[in-house]
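Here is a short report to read alongside the model. It starts at one residue and then steps back to the whole chain.

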Amino acid sequence: FDRAATDGTGSAWDPIHAGIAVYGGAVQCVISGNTIDLTRGHARAAICLLGSDVDDAVAVEQRAATNGTARATLASANPAVQLGQLITGPGVPSATFVVSVAGTALLASNPIGAGSPLLTFKWHERGQGTAVTNNSVLCNAADGAIGIFAQYQDSPSILGNNLRYMGAHGIHCMDVSDPVINGNTVLGQQSAKHGIYLEASATGAVVVGNVVEGFNGPGGSGIAAANRIGGVVSANSAT
């Protein structure tokens with residue numbers, strides 16, 4: 001990836017310069033098995049997940065008949081009920097989304113308790129449940145790029161990635177709720193940033209089994225968290 005930092009193409013969208021970017025209220029995307037080389041150019045991040053800070057999409061209400069499975073029958077067909085919307089209501093587990101809908105037949109991502117609940121369907125402007133797994137990133141430490149940058153996301157999984165010679169943060173989560181960061185190898189090069197940096201979310205995070213090295217410049221650290229509540233940091237190696 002060699003787009004110059006001064007390249008203003010698409011500036012009306014305030015684009016994030018990234019090798020792979022997922023923008024807006026993306027639901028349960030998977031970014032896996034990619035190799036991204038940032039040694040020849042400039043970018044904000046190798047992989048970027050960028051939602052919106054205001055989750056203000058209009059909700060749609062629709063009554064349905066449910067039987068304790070993931071299948072439900074809407075009381076009437078409603079074109080405003082669409083694939084990818086978050087479902088909430090009586091008997092609906094958290095993080096349940098519309099997997100498919102055809103007429104009155106609806107398939108959810110989780111079983112819904114039996115009954116005749118009034119369900120709420122809502123688009124999200126924040127990212128939901130994205131997985132970033134088993135990617136390899138090579139970075140020129142001098143350009144200051146982030147390996148994986150996530151902002152305005154809910155419940156992402158960042159697992160098993162290999163991030164080498166990072167100049168800025170290896171993994172940076174800004175206003176990301178309930179992330180799981182597990183089994184990553186994050187290497188800096190006398191970086192003054194943090195290998196794994198979590199900030200600005202009043203939720204817990206799970207940071208387990210990561211190997212972090214080389215973030216030993218002035219002010220740098222292996223793992224840092226700011227303005228968060230709860231969570232688990234366990235069995236990591238930070239040198």
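## Asn-210 and its chain

In this predicted model, a polar atom of the Asn-210 side chain lies 3.3 Å from the backbone oxygen of Val-208. A polar contact is a pair of N or O atoms within 3.5 Å; within protein, one must be able to donate a hydrogen and the other to accept it, and residues adjacent in sequence count only if both atoms are side-chain atoms.

Where does Asn-210 sit? Its place is the loop between β21 (206–208) and β22 (211–213); strands are DSSP runs (E, at least two residues), numbered from the N terminus. Asn-210 is buried, with a relative accessible area of 1% (buried means under 20%, with a 1.4 Å probe and protein chains only). Beyond neighbours within four places in sequence, Asn-210 has contacts (heavy atoms within 4.5 Å) that include Ile-181, Ile-196 and Ala-235.

Now for the protein chain as a whole:

| Property | Value |
|---|---|
| Strands | 25 |
| C-alpha span along principal axes | about 60 × 40 × 30 Å |
| Buried residues | 44% of 239 residues |

Among contacts between residues at least 6 apart in sequence, 70% join residues at least 24 apart.

A note on the numbers: residues are numbered from 1 along each chain as its sequence is written. Local features need pLDDT of at least 70, side-chain atom pairs count only at pLDDT 80 or more, totals for chains, interfaces and linings use all residues, and side-chain values use heavy atoms, leaving out hydrogens and water.

Technical notes
Helices (H or I, at least four residues) and strands (E, at least two) are DSSP runs, numbered from the N terminus. Buried means under 20% relative accessible area, exposed over 50%, partly exposed in between (1.4 Å probe, protein chains only).
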